[in-house]
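Morning, everyone. Please bring up the model on your screens, and we'll walk through a few pieces of it.

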Amino acid sequence: MSGRLHQLSLAALTAVALSVCAALAADAPTVSAEVDRKRIGTEDTLVLTVRIEGDGAKRVGAPTLADMDDFRVLRGPSVSSQFQWVNGRSRSFRTFTYVLQPLRQGALEIPEVILKVFGGGSVQTAPIEVEVVEGTVAERRRRTPRQGLTGPRQQSSSSNAKVNIEAELDRKSAFVGQQVTVVYRVYTQLDITGLELVNAPSYPGFWVEELKIDPNPLGRRAVREGESYIEYTVLKKALFPTRAGRLEIPALRFSLGVRGTSRDPFESLFFGSGQTVYRKSPPLALEVQPLPEEGRPASFSGAVGHYRLNVSPDRQEARVNDAISLRVRVHGEGNLRPVGEPAFPQMPDFKAYDPKVDEKIRIEGGRLKGSKTWDYVLLPLAPGSQEIPSIEFSYFDPDSARYQVLRSTPIRVQVERGELQVGTTVAGVQPREVRELRTDIRHLRPTPEQLMDRSRMLRQRAGFVAALAVPATANLVLMLAVWRRETRQAAPGELRRRRAARWARRALHHAAAAAKHSSAGFFEAVSKALRQYVADKLDRSAAGLTIREIENALSSAGVGAMDCGLVRSCLEACDRAQFAPSAARPAARAELVQQARSAVDNLEARL
Amino acid sequence: MNWRARVVLALIFVSGSAASAGPVEERFEAANRAYEGGDFAGAEREYRAILEYGLQAPEVYYNLGNAVFRQGRPGQAILNYERALRLAPADEDVLFNLEYSREQLVDREAAARHWIADAYTGWIRLVGFDGDAWLLLWIYLPTMAAVGAWIGVRDERLRRLARFATIVLLVLVVPAGGLLVVRGSIESSDRGAIVMDEKVQGRSGPDEGHPTLFTIHEGLKVQVRKESGEWVQVLLPNGLNGWLPSSSVERI
């Protein structure tokens with residue numbers, strides 16, 4: 001037993017050593033690229049196989065496809081490897097398979113495929129030219145055995161058999177939010193073994209809901225353009241346009257596994273009868289009309305279809321601060337998902353919390369139906385018979401093309417006072433500020449008894465100006481009248497006494513002004529002014545009034561000796577200077593005037 | 001107001017004084033009924049017909065403002081509320097509706113104002129349409145009486161009392177008269193206007209060819225500075241200055 005084990009180990013070691021030696025001595029790998037056909041249609045696909053062959057195949061990395069402008073890689077790469085040991089030498093094969101889709105028609109080129117070699121360098125394939133024509137060319141059969149949909153049996157050969165995908169809308173125009181159903185059907189003359197979407201469908205401008213279809217549909221015989229097909233519904237979608245205008249429904253690309261029945265037993269035996277074909281549904285367009293502005297209720301929140309409204313409280317008797325549940329339920333046919341909350345009325349005597357929203361959507365007969373429920377919790381804030389006002393819900397009925405408004409019946413709730421709590425003034429009632437429910441302009445001014453014209457302001461009226469001017473004028477007149485009256489009523493002697501000082505000062509002022517230039521007449525003027533003043537004050541004639549008489553008269557009138565002396569000295573100075581006027585200097589003249597003024601001021605205070 | 005309108009108005013008032021309500025009041029009542037019945041356009045026609053007589057009554061402008069507001073014309077509403085406010089500066093309803101209408105506008109007026117402007121506005125709202133003139137009269141006439149007493153009364157005690165009263169009243173008369181003069185000066189120089197077009201572009205000159213400086217919207221109050229042909233130069237509340245087509249604004 002151990003001898004046999006030893007022999008096996010020796011053989012394995014020998015094989016490993018040989019393979020290592022072979023690998024070291026391997027030739028450079030060769031790479032090639034080939035396509036399954038050189039002529040295809042725009043709706044067909046192409047299989048690109050990159051093959052790495054040679055003893056050094058393991059040293060070559062995965063191929064890198066350059067960016068292709070004319071083709072898109074639908075699948076791949078799928079990798080397969082083979083290792084052969086022939087005549088003591090190993091050979092490796094590796095293939096990378098891609099499925100390509102042409103993006104346009106014409107003579108297109110698959111660019112070279114570059115493969116990196118470990119240890120440095122790279123190898124590349126030659127570019128391949130492919131002719132792409134419009135539509136499709138006859139399919140080449142590939143072996144993809146699947147179970148699936150069965151085509152008409154009278155189709156004996158797959159070489160000319162057809163498979164088509166068609167899409168259909170149940171209406172050509174719709175309103176925003178109205179359900180439109182798009183149905184995708186396969187028309188086939190072959191057995192369908194499998195079907196899948198190549199790309200995820202997208203419907204820009206639509207809200208999409210998937211409609212269920214039978215997973216094992218039964219085919220229906222159909223004749224199209226004189227040829228017999230079996231029709232299968234493979235996909236159904238409910239579309240709800242979200243905007244107005246012409247909306248495009250893009251083509252969908254399907255991958256279909258098909259199997260034809262061949263009369264050629266050799267073909268059936270060696271090549272099988274299954275293959276994958278790709279088909280596109282035709283693009284569709286839908287005219288979407290906007291919802292009319294006219295007649296749109298304020299409560300409209302986007303519901304389109306046919307609906308009903310139910311509003312129900314869990315009870316109609318409660319205490320203050322005792323929660324009531326109010327259920328608002330909208331149900332019917334249409335897309336309820338985007339529908340907003342119905343306008344909840346302002347209820348100053350209830351506190352309403354945000355509702356709990358529940359949505360139940362179902363598909364019935366290919367139409368979207370369901371219900372949306374808003375559960376509110378209401379807290380009564382004041383006792384008494386309270387009313388939950390009518391709740392309004394509106395929707396657009398696409399059949400009549402008009403808005404419909406649903407209103408619930410107002411619900412009366414009898415609220416009792418709650419338990420007396422700390423901080424409350426009335427049993428269970430928490431005092432609160434009055435809330436403003438909404439704002440609006442203030443109402444009209446009622447008709448007055450008489451509309452007063454205010455085209456002119458009071459200040460612009462003549463009466464106002466007169467009211468200002470007349471009293472002022474009257475006062476002026478009064479002032480004049482008083483002055484005249486006083487003038488007339490006063491005794492001549494009294495008037496003379498009153499004016500004596502003013503006249504004396506004026507005379508002294510003139511004398512002083514004249515004395516600045518010449519002394520001629522100055523002393524006589526000063527003397528005259530003083531004598532006239534005393535005469536006026538004593539109501540006597542100034543003519544012949546001597547200094548002594550003046551002094552005596554002033555003393556008799558109660559004037560003090562000092563003031564009398566001042567008057568006398570002024571008069572004597574004047575008399576002396578009259579005989580020698582040139583001797584008096586200007587400064588002496590000014591001093592004399594000052595003394596005379598002081599004498600007048602002093603006498604004015606006494607007399 | 002031309003002489004024909006004066007005659008018509010005088011006749012209406014004369015006939016109105018004989019009965020409890022004249023034709024103007026009946027028309028006003030009819031306009032109010034139309035408004036209450038939801039016929040805002042009909043109400044507007046009636047209010048405008050009253051204004052055609054030349055009657056300047058704040059009630060008419062106020063109700064007209066409401067009628068056009070209900071028709072979704074905030075520019076016209078603000079214009080009429082502003083006119084009502086000039087005739088009744090202290091009317092709370094007019095002030096409220098004017099402020100409410102301004103809140104609906106696209107353009108907001110500058111909120112910050114000088115305290116002197118606020119004080120002046122407060123004074124006008126306090127005294128109303130003619131309150132300051134009446135106030136002046138109520139102080140001025142006693143002042144003149146005191147002056148008269150000071151001049152004419154012989155009794156020395158009464159004269160001294162009159163002199164004291166004159167001095168005190170003159171301290172009041174001078175500011176009251178000054179405020180009246182200031183108000184007259186401000187109101188005569190106020191050239192406010194309201195933008196009537198939904199949207200209008202302010203340009204740097206009185207021509208379509210001048211570049212656009214700003215865009216303003218219906219209802220904004222502007223001050224007209226100059227006029228040149230079919231264009232007016234306006235000053236916006238935020239200090240911007242530009243030219244607008246005359247037809248796009250209406251003077252208050």
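Let's start with a term. A crossing of two helices is left-handed if the near helix is turned anticlockwise from the far one by less than a right angle; if it is turned clockwise, the crossing is right-handed. Keep that in mind. And remember that this is a predicted model.

Chain A, then. Find helix H5, residues 522-538, and helix H7, residues 561-579. In chain A, H5(A) passes H7(A) in a left-handed crossing. How do we describe a pair like that? Two packed helices are described by the angle between their axes and the distance between the axes. For H5(A) and H7(A), the angle is about 150° and the axes lie 9 Å apart. Angles over 145 degrees count as roughly antiparallel, so H5(A) is roughly antiparallel to H7(A).

Which residues make the contact? From H5(A), they are A:Phe523, A:Glu524, A:Val526, A:Ser527, A:Leu530 and A:Arg531. From H7(A), they are A:Cys570, A:Leu571, A:Cys574, A:Asp575, A:Ala577 and A:Gln578. By type, the contact of H5(A) with H7(A) has seven nonpolar, two polar and three charged residues.

Staying in chain A, look for a sheet. Strands of a sheet pair through backbone hydrogen bonds, either parallel or antiparallel. Here we have an open sheet of three strands in the order E4-E8-E9, and the pairing is antiparallel. Which strands sit at the edges? Strand E4 (64-65) and strand E9 (122-124) of chain A do, each pairing on one side only. Strand E8, residues 113-116, is joined to E9(A) by three bridges. Take A:Ile114: its bridge partner in E9(A) is A:Gln124.

On to chain B. It has nine helices and seven strands. Of its 252 residues, 45% are buried. Now take the contacts in chain B with a separation of 6 or more: 55% of them join residues 24 or more positions apart.

Last stop, another helix pair. Helix H4 (residues 58-70) and helix H6 (residues 92-102) of chain B pack at about 25°, with axes 11 Å apart. Parallel or antiparallel? An angle under 35 degrees counts as roughly parallel, so H4(B) is roughly parallel to H6(B). H4(B) passes H6(B) in a left-handed crossing. B:Tyr62, B:Asn66 and B:Phe69 of H4(B) meet B:Asp93, B:Val94, B:Asn97, B:Tyr100 and B:Ser101 of H6(B). That contact of H4(B) with H6(B) divides into four nonpolar, three polar and one charged.

That's the tour. Thanks.

Notes
Residues are numbered from 1 along each chain as its sequence is written. Chains are lettered from A and ligands numbered from 1 in the order in which they are written. This is a predicted model: local features need pLDDT of at least 70, side-chain atom pairs count only at pLDDT 80 or more; totals for chains, interfaces and linings use all residues. Side-chain values use heavy atoms; hydrogens and water are left out. Axes are lines fitted to C-alpha atoms, for helices over the stretch in contact, and angles run from 0 to 180 degrees between N-to-C directions. Helices (H or I, at least four residues) and strands (E, at least two) are DSSP runs, numbered from the N terminus. Angles under 35 degrees count as roughly parallel, over 145 as roughly antiparallel, 65 to 115 as roughly perpendicular and the rest as oblique. Contact means heavy atoms within 4.5 Å. Ala, Val, Leu, Ile, Met, Phe, Trp, Tyr, Cys and Pro count as nonpolar, Asp, Glu, Lys and Arg as charged, and the others, Gly among them, as polar. Two strands pair if DSSP finds at least two bridges between them. Buried means under 20% relative accessible area, exposed over 50%, partly exposed in between (1.4 Å probe, protein chains only).
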